[in-house]
Amino acid sequence: MMFRYRLRLQLFTLLLFGGFAALVLRLWAVQIEDHEKYVRLVPGTSEVTIRVPGTRGEIKDRNGVTLVTNKINYEVVFNLEDIVAEYRREKEAEAKREGVKFKMPMTSYTIRENGQPRYKEHYDVPAILDEFVMPRLQALGIWVEWRSNAVNTHWRTYKGLVPFVYRDKLSYEEFARVAEHDLDLPGVSINARPIREYLFDSLACHILGYVAKPDIDKVALDEQRRFNHYVPDEFGVAGIEKSMDLTLRGKEGKRTMLKDEKGIIQGEISYEPPVKGSDIFLTIDARIQSIAEDALRDANGGVGFGRAAAVVVDPKTGDILAMASVPSFNPNRFIPSISKEEWAQYTGNPVKPLVNLATRSFPPGSTFKIPVSFAGMLAGIDGIPQYCAGTTTFVKRPIKCWIADKGGSHGSLGLSEAIMRSCNCFFYQYGNKAGIKNIKQVAEFFNLGKPTGIELENELGGIVPDPDWKQLNWNLPWSADDTAYVSIGQSACEATPLQMAYVASVVANGGKCWKPQLVDKTVEFDGTNQVAKLNPSELRYDLTLEGISPEQVERVRRGMWRVVNDLGGTAKRAKSEQYEVAGKTGTAQRWRWDDELKQNVKDNISWFITFAPYDNPLYAVCVMVQNGKSGGGVASPVAARILEQSIAYSQGYDVRVEPVQEVAGNFLYTEATTYDEGDPAAAFLAAAEDDDADTGAVAEDAIPKPKAVPRAVPAVAAPTVREEADRRGSQAPDVQPIEDQKFERRDSGADDEDRPRNRLFRRR
């Protein structure tokens, strides 16, 4: 009996231990051996990473004057997930009190899977906003039209991880009203975010450019995959903002959120703040830029010019100190976005205010005689006089000098006097004896015929035609007439105001051809330290090392001195009593497409290149005015004003940098330029004194007529253009302003522990 009892006990114990052993083995298999398998099968908590965009660096002038910065933009943002959750909680409580069943509003959208359309549903978030949020915003006076499609897209993409920006740029009054009355809506808040601000409005607008709102489509897929939710940076689309975009962009931050097994965000795990991008210091001097801008705007009693450009260069380093262009624009109108109507005003303006005329190419006229002068030195003919009989014949009919229209001739001329009198016949012969090959060689020295390489997009290089160019473009042989026309800057010859400013710079400094540059240095932020990266000047050529002696360079300098200071010079109005000025006028003709007439019309291009003081040049300047009578009467007074005020500034004169208004531009003709606003006869007297006669009038062969189509202009980069509100988002709630109504607390009927932290309001 006892034996049987013990046997049962032993069997039971063995069975018990066997069961425990099997259980342990199973637990081992499940928890250890097959752990990864079951982890994949059972949902759990996970981390969600969100990219935080960096803050763009500032753009400053060479002296540290801030031109572009970031200001705080107050915007109304929606956490759509919080709004939907609170709406559901509110409606379910109301339905419970009324004994009815509540159903969330739904909407559908179409996706394609394997090439087939498939319909999916989600909450109709715009309907929720219309009922739950918009009346309150209307009552506070901050409601604006919106796009319901954008809300739905944002909901499908981000839910509540990234706020939806409902509106931005709240005025101070709107922000104060919101701060006083409080939004009191779950998921709706006022967010402070930095946006671009161009402190002086249109000042240097073509240099600075502008930015556009973030665009995920411009981010590579590999880059997007680094985060669960990639919030891109705003990006530069024009000017320095574009060319230095990667340098200006800040270092990204990262926010890591915890999501539970139901997909609900529980909170933030970690946050790595973004780092500000590098600051860009330009070679531009904001005060000289202001002087140049004002000179283009203040002429002729404040009327200014409809189309003109001015460039100021430091001849000692090649730094660009100013680059002004009119018409112009205000980049602040593009930040953070611009309406379709405003953008259409810019793009539809036939004068093209978004185009930088300082980097567009035009026939340089007689200013091109300066590079041609050096070409003759390479050929060894610069000491040989040439004879002007009023006309010269090479291949076809005689081609005239400007003095022939006055019934005269210049006679025998040396190089300096020919520069001073701007004699066409001299340079017809001189250029042909120098040869187109030497002209092209000097063009290479001066960086003519190709872009200078400055840190701006859409810079044109101009044209210095030669036999290969003519054969390629016109399928015609080269002739002596072609060389003659190129020698006076006509025919297909083109150059930019920037390039011609550097021509003046090379003569001013004795033959040194610097590489133009706009960026002086960048300052990076490395923790608490600032690390500067300098951009030193680069000498491309020295004419005195290329077969041209200093004495020959001085011969050209002297000729430019005589242009301003001799009685027979073509730019007497640029003369100064305080210092010696040297320069060269030029007037060329080109065809311009007229939108109203639907045909090409002739346009005078008036030039003046100059430097001063003569013995120790501080500044080299180029001024170009479209549709001006002559370089001496229209462009030289502008350059003289820029030199006068810039030299005074270098001697301690205070120049204030103030916001500059944009110029719409026009096609008006300028007879003469004056800055004497007190004398009503000043313009008449200036025109009468303008006896340079260098008006660009040459044989028709020298002005190639284009086809009867508009001349090509560069495509302008679009900022962020606001889309118009759709029908659903343009319906304003029928709610009176907050001053005309009172609000009381709304009791949702929920228990205290379930009641939201923010208060909800409704009209009494």
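Student: What makes glutamate 241 and arginine 56 buried or exposed?
Tutor: This is a predicted model, and the areas are computed from it. Buried means under 20% relative accessible area. Both glutamate 241 and arginine 56 are classed as buried.

Student: Why are glutamate 241 and arginine 56 called a salt bridge?
Tutor: Look at the N to O distance between their side chains: 2.9 Å. The cut-off is 4 Å, from a side-chain nitrogen of Lys or Arg to a carboxyl oxygen of Asp or Glu. The pair therefore meets the rule, and glutamate 241 and arginine 56 form a salt bridge.

Student: What does that pair tie together?
Tutor: Glutamate 241 is in helix H10 (residues 239–243), while arginine 56 is in the loop between E1 and strand E2 (59–60). The two parts are 185 residues apart in sequence, so the pair ties them together.

Student: How do you know that arginine 51 forms a salt bridge with aspartate 233?
Tutor: Their closest N and O atoms are 2.6 Å apart. The limit is 4 Å, so the pair counts. Arginine 51 sits in strand E1 (residues 46–52), and aspartate 233 in the loop between helix H9 (221–224) and strand E9 (235–238). They are 182 residues apart. Arginine 51 and aspartate 233 are buried.

Student: Which residue forms a salt bridge with glutamate 723?
Tutor: Arginine 147, with the closest N and O atoms 3.1 Å apart. This pair links parts of the chain 576 residues apart.

Student: How many salt bridges does the structure hold?
Tutor: The total is 41. Some share partners: Arg51, Glu223, Arg226, Asp233 and Glu252 are joined into one network.

Student: What makes cysteine 425 buried or exposed?
Tutor: Its relative accessibility is 0%. That is under 20%, so cysteine 425 counts as buried. Cysteine 513, at 2%, counts as buried too.

Student: Why is the contact between aspartate 542 and threonine 544 called polar?
Tutor: Their side chains come to 2.7 Å. The limit for a pair of N or O atoms is 3.5 Å, so this is a polar contact. Aspartate 542 lies in strand E22 (residues 539–542). Its relative accessibility is 13%, so aspartate 542 is buried. Leaving out residues up to four places away in sequence, aspartate 542 touches Gly511 and Lys512.

Student: How do you know that the span of helix H12 agrees with its length?
Tutor: H12 (residues 286–297) has 12 residues. At 1.5 Å a residue, the helix should span 16 Å. Its end C-alpha atoms are 16 Å apart, so the two agree.

Student: What makes H12 largely enclosed?
Tutor: Of its 12 residues, 10 are buried, so the rest of the structure largely encloses H12. Among the buried ones are Ile288, Ile291 and Leu296. At the start of H12, a side-chain oxygen of aspartate 285 comes within 3.0 Å of the backbone nitrogen of arginine 287.

Student: Which residues touch the most other members of the largest nonpolar core?
Tutor: Leu282, Phe374 and Ile642, in a core of 147 residues. Apart from it lies another core, of 26 residues, including Val76 and Met104.

Student: How do you know that a cis peptide bond joins valine 326 and proline 327?
Tutor: Check omega: it is about 5 degrees at this bond. Proline 327 is in the loop between strand E14 (320–326) and helix H14 (340–347). Another cis bond joins alanine 612 and proline 613, with omega about -15 degrees.

Student: What is the phi of asparagine 627?
Tutor: Near 65 degrees, a positive value in a residue other than glycine. Most residues other than glycine have a negative phi. Asparagine 627 has 10% relative accessibility, so this residue counts as buried.

Terms used: Residues are numbered from 1 along each chain as its sequence is written. This is a predicted model: local features need pLDDT of at least 70, side-chain atom pairs count only at pLDDT 80 or more; totals for chains, interfaces and linings use all residues. Side-chain values use heavy atoms; hydrogens and water are left out. Helices (H or I, at least four residues) and strands (E, at least two) are DSSP runs, numbered from the N terminus. The expected span of a helix is 1.5 Å times one less than its number of residues. Buried means under 20% relative accessible area, exposed over 50%, partly exposed in between (1.4 Å probe, protein chains only). A polar contact is a pair of N or O atoms within 3.5 Å; within protein, one must be able to donate a hydrogen and the other to accept it, and residues adjacent in sequence count only if both atoms are side-chain atoms. A nonpolar core is a set of buried Ala, Val, Leu, Ile, Met, Phe, Trp, Tyr and Cys residues joined through side-chain atoms within 4.5 Å. Contact means heavy atoms within 4.5 Å.
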